[in-house]
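Let's take a walk through a two-chain model together. Have your viewer open, and colour by chain if you like.

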Amino acid sequence: MPKREIEGDWVMGWPDRKRPAIIAGKDAQGRVINGRAPITELEGLITPTDAYYVVNQLEVPEPIHPDDWILSVGGEVERPIELSLKDLQKLPGRTVRAVTECAGNDAGYFDYLERGVRKPSRINQQDMQKRAAQREQNAVPSTEEIGNESTTTCAMSAGEFTGVPLAEVLKKCGLKSDAVAVRMEGFDRGQPDLAVQYRSVGRSDFKLVDPGVINYEKGLPIAKALHPDTLLAWSMNGEYLLHIHGAPVRAVVPGWSGNWWVKWLQKIDVLKHMPECYYQKHYFVYGRSPDDPNKEMITAMGVRCIITDPLDEDSPLERGAHKIRGLAWSGMGAITRVEVSIDEGRTWTDAHLEEPCERWLWVRWSHLWEANAPGHYRIMARATDETGRVQPQIPWNYQRKHFDGIVPTDVTVI
Amino acid sequence: MSSIRPRWRVVMHIVVCVKQVPDPEAAFSMFKVDEAAKRVVPAPGLAMVMSPFDEQAVEAALRIREQHAGAKITVLTLGPESARNVLKHGLAMGADEGVLIRDAVFDAADGHVTVRALVAAIKKMTACDLVLAGRQAADSDAGMVGAGIAELLGWPAVTFAKDVQVHGALLRVERVVDEGTEIVEADLPAVATVSNEIGPARTPNLRETMRAARKPIAVWTAADLDLNAEAQRARSRVERVFMPVKQAQCAFISGSAQEQAAALARELRTAQLI
């Protein structure tokens, strides 16, 4: 395998590996507003905070000092309350390790598998920089223009979050029995950028609803809200949350895509009905077309498995033993099996799952491949989770959300 | 010590002048103008990096060394202690040694003082065959250091290089001009300033970065360079530093297409745009 050059940098004054960092898109003031994780450069399970992907739907708000932050909790509860960060920290805490994945992550692979367009690359820096820059443009592109643009990859990361279960907060307020949903509102505010949404969907030949200026909000079904691993978190990867990741407090909704992980929380309303939040009624929905009368809000992610080694870009490989490596995760539970095929899916072999296999975290897997015969190989991998779901689970949908298809790696052995 | 290269010497010595600047990729809003102090103030914590044209000058030197095995490359800068980091970056790219000119007397150095100091350092080094610099610094955009060094050394200067090659005792430069490029030759020793057309500079790899940690960086003061008070005296004076006021005017031209075209041409000529 041709070795990819290890980049060097000066870290704390010493020569070292260049540390992984997001490919960032910035606003006019040079502040990061979106970023892609360098997923193939990472090791271990937890994504370093500087390399953690960033996606925002509305404008990033001005920061609030943690001492000035107040969370109001009301609606269908016996005792509406206001909590400071210190109040929140007095409740029984919990730490959860989980994958965060943007609902539109890897959307371009839908087009690759369905329509045979160019396979997106997870390491093409130019593509990723272009994508980051496109996020800053607000002119609505034509469907044809979008088709020629680079696609979304690497909007996935995994972190360790510490906070308090949302259920503890609801218990403190006295949750009423007729509660159906918990509406979480952030203090990020703005008018949804239609250009961003058209780009995410991959087409612009339909009309989007324009809700005007809104706060970001999501209505979490009560069962998920009461799950002990659904947190209001103030900490990420061993330190207080960074502003760009939702400080002082954000929601952590393991297994569900990033749009549910409301950042910059300021208000929680318990409701007797599902709210008609823009970002779950009009956007972040499954449907066959924009006119589909049976659109459904997206919730848990499918079952995913990606190959991080080798990549198409590593081809040609020299004959001999090569380790096929990757990551696998699921929106509904721990990964129990990963299978690898090197003959386009005709035969499958179990890969080695590298412990731990946690419920919400991804697992690293590997398979030693003795590549002794020259030729072209199509390497595939598929995962199974503890609920028995086998990849892929999520069919094509017009907003291209929750892609979990099997993406082959194509290499030649010489 | 003479800086003139004897014709018979085989090992080439290239000195690359580099400058530490606030990250030019930073948004303009990261800078404030202090009109009273007549200076631009970058936001605290703004990354300081090697000026990109200088990075490309280092790249040009490395490409020459690829054709002339054994050539020595020295990166040279004038600045505060933090400027050591741009030397370390140059060493990680592949340069052999660094020289930092650091002295409080240079805190208010203008282009002239900088040139005097750099020239004194070049003269102090082992004989130098070629001096390379970026075509201009990314912060001040003055573009005078390269030509100034050549003037004080009495060497030929070739500016805006797209490609720099050494053939024996001859420097051959493809330089960028308005109409395209031209090839210029000069006897060594000489000075060349490098333009962005040379292409992207290489990214330091881990092995070279680790090697760089063991490469020497000399620190010289004004006294080490025998620079007297006259040499330290700035020749330029900043009159005013201010944010330019952007104005946009829109004029509509009416008439037939022919009349509009003629009127547009007149306007553009009046504005000296064509």
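What follows goes through each chain in turn and ends where the two chains meet.

A word on conventions: residues are numbered from 1 along each chain as its sequence is written, while chains are lettered from A and ligands numbered from 1 in the order in which they are written. This is a predicted model, so please keep in mind that local features need pLDDT of at least 70, that side-chain atom pairs count only at pLDDT 80 or more, and that totals for chains, interfaces and linings use all residues.

Let's begin with chain A, which has eight helices and 24 strands. Here helices (H or I, at least four residues) and strands (E, at least two) are DSSP runs, numbered from the N terminus. Chain A has a radius of gyration of 22 Å, close to the 22 Å that the globule rule gives for 414 residues, so it is as compact as a globular protein of that length. That radius is taken over C-alpha atoms, and the globule rule is 2.2 Å times the number of residues to the power 0.38. Along the principal axes, the C-alpha atoms of chain A fill a box of roughly 70 × 50 × 45 Å. Of its 414 residues, 44% count as buried, where a residue is buried if 20 or more other C-beta atoms lie within 10 Å of its own, exposed if 12 or fewer, and partly exposed in between, with C-beta atoms placed from the backbone. Among the contacts in chain A with a separation of 6 or more, 75% are between residues 24 or more positions apart; two residues are in contact if their C-beta atoms, placed from the backbone, lie within 7 Å.

How is chain A divided? There are two parts, domain 1 (17-299) and domain 2 (303-413), with bounds that come from an automatic or database domain assignment. The C-alpha centres of these two domains of chain A lie 26 Å apart. Across the boundary, 35 residues of domain 1 of chain A are in contact with 22 residues of domain 2 of chain A. On the domain 1 side, β7 (94-101), α2 and β15 (285-286) of chain A each supply at least two residues, and the largest share, five residues, comes from α2(A). By class, this side of domain 1 has 20 nonpolar, nine polar and six charged residues. For this count, Ala, Val, Leu, Ile, Met, Phe, Trp, Tyr, Cys and Pro are nonpolar, Asp, Glu, Lys and Arg are charged, and the others, Gly among them, are polar.

Helix α2 of chain A (residues 107-115) deserves a look of its own. A107(A), G108(A), Y109(A) and F110(A) are buried in this helix, and the buried residues of α2(A) pack against α6 (194-201) of chain A. After α2(A) comes G116(A), with a positive phi near 75°.

Next, find strand β23 of chain A (residues 375-385). It is joined by six bridges to the antiparallel strand β19 (residues 335-341) of chain A, and V340(A) has A381(A) as its bridge partner in β23(A). With strand β24 (residues 409-413) of chain A, β23(A) pairs in the antiparallel sense over five bridges, where Y377(A) is partnered by V411(A). Two strands pair if DSSP finds at least two bridges between them.

Now turn to chain B, with its six helices and 13 strands. Its C-alpha trace spans about 70 × 45 × 40 Å along the principal axes, and 35% of its 274 residues count as buried. Nine strands of chain B form an open sheet of mixed pairing, in the order β11-β10-β9-β12-β8-β1-β6-β7-β13. At the edges are β11 (180-187) and β13 (217-220) of chain B, each pairing on one side only. Within this chain, β6 (residues 72-78) and β7 (residues 97-101) run parallel, joined by five bridges, and V75(B) stands opposite G98(B) in β7(B). Helix α3 (residues 111-124) of chain B packs on the sheet, touching β1, β6, β7, β8 and β13 of chain B, and its direction makes about 150° with that of β6(B). Such angles run from 0 to 180 degrees between N-to-C directions, with axes being lines fitted to C-alpha atoms, for helices over the stretch in contact.

Finally, where do the chains meet? The contact takes twelve residues from chain A and 16 residues from chain B. On the chain A side, β1 (8-11) and β2 (14-17) each supply at least two residues, and β1(A) gives the most, with three residues.
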